[in-house]
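The following questions and answers examine one protein model. Please keep the sequence and the structure in view while reading.

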Amino acid sequence: MNARMARMAATAGLGAALAAGTLLTPPAAASVPSAGAQPAPSCVTYWQSWRYAQVTNDCTTALDVKVVYQDGAQGVCHTAPPATTTTVGEGYAGTHGSVVHVALC
């Protein structure tokens, strides 16, 4: 019985160490900002919840847009068709925090 408890304790310790290593890993290279992100026109607006960032394209043409976060990270480019709302990034509870603005790709 003691050997079984020792194995369980060792397994729990290994799991905790792996979880801590994952939490302490720095963000990927995608968080490095790139220079020259041109802001989207005023007909593109964004909204951010704790889970998602979304853009609404009220322009007459489709636009390729990305979100720029408070830490300088930029999201992946998404095509936003006219007169639609599109999910383009993570919410403020995510890795990069709040959206600062929407930029063209």
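Q: Is His78 buried, partly exposed or exposed?
A: This is a predicted model, in which local features need pLDDT of at least 70 and side-chain atom pairs count only at pLDDT 80 or more, while totals for chains, interfaces and linings use all residues. Residues are numbered from 1 along each chain as its sequence is written, and side-chain values use heavy atoms, with hydrogens and water left out. Buried means under 20% relative accessible area, exposed over 50%, and partly exposed in between (1.4 Å probe, protein chains only). The relative accessibility of His78 is 25%, so His78 is partly exposed.

Q: Which residue has its backbone oxygen 3.3 Å from a polar atom of the His78 side chain?
A: His78 lies in strand S4, residues 78–80; helices (H or I, at least four residues) and strands (E, at least two) are DSSP runs, numbered from the N terminus. Contact means heavy atoms within 4.5 Å, and His78 touches Leu63, Asp64, Val65, Thr87 and Val88, residues up to four places away in sequence not being counted. The backbone oxygen that lies 3.3 Å from a polar atom of the His78 side chain belongs to Val88.

Q: What pattern do the elements of the protein chain follow along the sequence?
A: The protein chain has one helix and six strands. Read along the sequence, their pattern is α-β-β-β-β-β-β.

Q: How many disulfides does the count come to?
A: A disulfide is a covalent bond between the sulfur atoms of two cysteines; here the rule is a pair of cysteine sulfur atoms within 2.5 Å. Cys43 and Cys59 form one, with sulfur atoms 1.7 Å apart, and Cys77 and Cys105 form another, with sulfur atoms 2.1 Å apart. With the bonded cysteines numbered in sequence order, the pairing is 1-2, 3-4. By this rule the count is two.

Q: Is Cys59 buried or exposed?
A: The link of Cys43 and Cys59 is right-handed, with 75° about the S-S bond. This pair joins distant parts of the chain, 16 residues apart: Cys43 is in the loop between helix H1 (2–24) and strand S1 (44–48), and Cys59 in the loop between strand S2 (52–57) and strand S3 (63–69). Cys43 is partly exposed at 25% relative accessibility. Because the relative accessibility of Cys59 is 11%, Cys59 counts as buried.

Q: What is the relative accessible area of Cys105?
A: The link of Cys77 and Cys105 is left-handed, with -120° about the S-S bond. The two cysteines are 28 residues apart, with Cys77 in the loop between S3 and S4 and Cys105 in the segment after strand S6 (99–104). Cys77 is partly exposed at 42% relative accessibility. Cys105 is also partly exposed, and its relative accessible area is 47%.

Q: Is Thr86 buried or exposed?
A: Thr86 is in strand S5. Neighbours within four places in sequence aside, Thr86 is in contact with Ala53, Gln54, Val55, Thr79, Ala80 and Pro81. At 17% relative accessibility, Thr86 is therefore buried.

Q: What value is phi of Ala83 near?
A: Ala83 is in the loop between S4 and strand S5 (84–90). At 68% relative accessibility, Ala83 counts as exposed. Most residues other than glycine have a negative phi. Phi of Ala83, by contrast, is positive, near 60°.

Q: Which element has the lowest mean pLDDT?
A: pLDDT is the predictor's confidence in each residue, from 0 to 100. The mean for the protein chain is 79, and 66% of its residues reach 70 or more. Over residues 14–35 pLDDT stays under 50. Among the elements, S2 has the highest mean, 98, and the lowest, 47, belongs to H1.

Methods. A polar contact is a pair of N or O atoms within 3.5 Å; within protein, one must be able to donate a hydrogen and the other to accept it, and residues adjacent in sequence count only if both atoms are side-chain atoms.
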